[in-house]
Amino acid sequence: MRTYRLAVVKGDGIGPEVTEAALRGMHAAARRCGFSLDTADVDLGAERYLRTGEVLDEGTVSALRTHDAVLLGAVGDPRVPPGILERGLIVALRVAFAQSVNIRPVRLYPGVQSPIRGVTAQNCDLVVIRENTEGLYTGGGTLAHAGTPHAVAVQNSLTTVAATTDTVEFAFRLAQERRRRVTLCHKTNILMHAGQLWQEVVDQVALRYPEVEHDYVHADAMCQHLPLDPGRFDVVVTDNLFGDIISDLGATVQGGLGLAASANYNVAGSAPSMYEPVHGSAPDIAGKGWANPAAAALSAALCLAGLGEREAALCLEAATASVLAELPSLAGPGMGSDTAALGERIAARVMDVDPAQHAGGGGSLMSALSRLAREGATAVI
Ligand code: ATP
């Protein structure tokens, strides 16, 4: 029987609750499709940092590297100053494992109510492909004369043709498997140097995909188009900062943070990819059973797709979507069941759901990602 080795970082706050629920669904999907998951818990996050003073050590990075994929719950705690875990753990792992592409689906599932009038399951199914290791997130810069009236902050932004090409190439490959449209989102009118590089890379890569259309939208204009007319987008490719922001907007459009999944994807397969819900540790609801596990379950479905297990990914996605459609509310006590019970419901549904039921019309992301993973999707630079 095929067995995948999965490292599980449950993390902090609601991280353990939603990860355990997602794992239930994942194991059920594996059982249904005839393979197994060998999971290993890895202790990382705020609790460990507060206990030991250590964020991430070389030994843990090496141990994670031996796995086929990493499943991450959430890390964070109000007692830890901002930046320590985000930079020292999440960004560090993305860089260490060359997870140069961040995949963030923005899909409204049937039966889920968007807070935006007019957004429906038929017109909201796009994917944000965000460059994941560069831009303003490289951390370079200085703060001189800090805490004085003469303080000067310089925050560097890095854009390389190599990482941009990897990201854009992946966006085109994905679009080719879907509705064949790529939109570059940037601020080429203000960030002229980085913007020019991005546009040139898109124009170059587009030559290899003549059947994929491409266009351009400014990041500020995207904040109008995405909620009001999501149907105009198929695959949106963008830099690290813009991707971070517009995919949170996307999360709201698709029903909230409890539903938004993501993958930190190593396109070449040279190190494990890491799958995590977009939300954080939500300390305000931790331990109450009020967290919606759908974002974690859909991230787990992306993980199955990234392992090339198309049928299992589709089953877990369909089961999650079908349970979501039954919830009276998408978060909190109004969901009618707690996080663990929802995990059990998703797992039970995995066994009898019709995976085609929620596959989506315009080329399912789960199917497309599985196919690219199976092809051993390598960037053509
Ligand atoms: P962190 O600092 O770890 O990012 P945070 O609370 O600042 O934590 P989020 O965890 O993203 O940020 O939470 C933002 C809001 O969304 C909170 O009110 C939280 O309760 C809510 N929320 C986040 N995830 C979920 C979820 N899975 N289900 C229900 N509500 C959620």
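The model is a predicted one, in which local features need pLDDT of at least 70 and side-chain atom pairs count only at pLDDT 80 or more, whereas totals for chains, interfaces and linings use all residues. Residues are numbered from 1 along each chain as its sequence is written, and side-chain values use heavy atoms, with hydrogens and water left out.

| Residue and part | Ligand atom | Distance |
|---|---|---|
| His279, side chain | nitrogen | 3.4 Å |
| Asp284, side chain | oxygen | 2.9 Å |
| Asn292, backbone | nitrogen | 2.9 Å |

Taken alone, the ligand exposes 610 Å², and the protein buries 65% of that, with accessible areas coming from the Shrake-Rupley method with a 1.4 Å probe and, for residues, only the protein chains shown counting as cover.

The chain is divided into domain 1 (1-107 + 256-380) and domain 2 (114-254), with bounds that come from an automatic or database domain assignment. The contact between them takes 34 residues from domain 1 and 30 residues from domain 2, contact meaning heavy atoms within 4.5 Å. Taken over C-alpha atoms, the centres of domain 1 and domain 2 are separated by 22 Å.

Val182 has its place in strand S8 (residues 181-186), strands (E, at least two residues) and helices (H or I, at least four) being DSSP runs numbered from the N terminus. With a relative accessible area of 1%, Val182 is buried, a word that means under 20%, while exposed means over 50% and partly exposed in between (1.4 Å probe, protein chains only). Leaving aside residues up to four places away in sequence, Val182 touches Ala171, Phe172, Ala175, Val212, Glu213, His214, Asp215, Val235 and Val237.

Thr133 lies in the loop between strand S5 (125-131) and strand S6 (141-144). Not counting residues up to four places away in sequence, Thr133 touches Arg94, Val95, Gln99, Ser100, Thr138 and Asn240. The side chain of Thr133 also makes a polar contact with the side chain of Glu131 (2.7 Å); a polar contact is a pair of N or O atoms within 3.5 Å, and within protein one must be able to donate a hydrogen and the other to accept it, with residues adjacent in sequence counting only if both atoms are side-chain atoms.
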